[in-house]
Amino acid sequence: MLQTGDAPYDPAELPARSAGRPGMGRQWQARTRAIRQVVVLEVAGVLSDVVEDLDRAIQLALAEGPRGVVCDLSAVLDGTEPGAVEILATAGRHVRDWPGIPVGVACPDPQVREALNAHPLGRHLIVTESTFSAVSAVLSTPVLVVERLQLAAHPTAPSASRNFVSHILRDWQLDRVMPFASVVVSRLVASSSLNAGTAIELSVAWNAGALRLTVADHGPALPGQRLSDPDLQGRGLTVAVAGLSRTFGVLPTADDGKVVWAVLEAPRQHRSTSNGIRNANGEPLKSASIIKLPRNPAISSR
């Protein structure tokens, strides 16, 4: 079944979790809620205890394709620990590599906000003092148009995915990237169909010169495959996708499935609006203007 447009976001509820360091009474908790399709991840505890699990929670949220993600750190303690802030700043890689879905951090600690803004990856994050301002900033960003296609694990799935992507890119005036995108999506869908054997959801999105292709299924990662690294199913697939993509990787999903994604450079090609005027050799003129000839009194007086 073909679905077009930005599908409604139905976030998977993350269970409340607690953890602590051995011999130390520190605990942390995390829960999620949605505000106008923006996922808000609320965490409490010591930042160094929270930050790694928070990054995974961001990945789980991104895999669902929300309007944006906001990390609410208003209940986090000891936020000035340099190592923890450094790890938190690396969440900016999700925005850099996963275009079109903003990630915000709401933190009342001015030192943490300053450190995030100064970090090369932290600069990709929306950093504010309050959750309200972070959600507002996310909602003020352009709405990403996403086209989706549901596929079954069938030998015809790669061909159907190529046809779907080609049609979308033609409509988006991205004809130049079509050959590369067709190869990438075909490889990703074929791998999912072969290894996962579950229903597949293909999505296509474009933002600021970057084309994002995602293939989601309900199959687990293969043994030894790390979801945090761009290590796809089989070296042949990895090499093929890497050679045509700007970046690629794998995201975990809340149902223990995965989203394999790739981002391609895709500057929009502006179609010519030339008036078709050609020179004496039949070549199109780069520019043309109407020349007004001087009036001939002898002709006009007739």
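How many bridges join strand β7 to strand β8? There are 6, and β7 (residues 146–151) and β8 (residues 200–207) run antiparallel.

## About the model

This is a predicted model, in which local features need pLDDT of at least 70, side-chain atom pairs count only at pLDDT 80 or more, and totals for chains, interfaces and linings use all residues. Residues are numbered from 1 along each chain as its sequence is written, and side-chain values use heavy atoms, with hydrogens and water left out.

Strands here are DSSP runs of E with at least two residues, and helices are runs of H or I with at least four, numbered from the N terminus. Two strands pair if DSSP finds at least two bridges between them.

Trp206 stands opposite Leu211 in β9. The two strands β8 and β9 form a hairpin with 2 residues between them, and Ala208 in the turn has a positive phi of about 50 degrees.

## Helices α1 and α2

Now to the helices. The axes of α1 (residues 47–63) and α2 (residues 82–89) come within 9 Å and cross at roughly 15 degrees; axes are lines fitted to C-alpha atoms over the stretch in contact, with angles from 0 to 180 degrees between N-to-C directions. That makes α1 roughly parallel to α2 (angles under 35 degrees).

The contact (heavy atoms within 4.5 Å) is made by Leu47, Ser48, Val51, Glu52 and Leu54 of α1 and by Ala84, Val85, Ile87 and Leu88 of α2.

Terms used: Angles under 35 degrees count as roughly parallel, over 145 as roughly antiparallel, 65 to 115 as roughly perpendicular and the rest as oblique.
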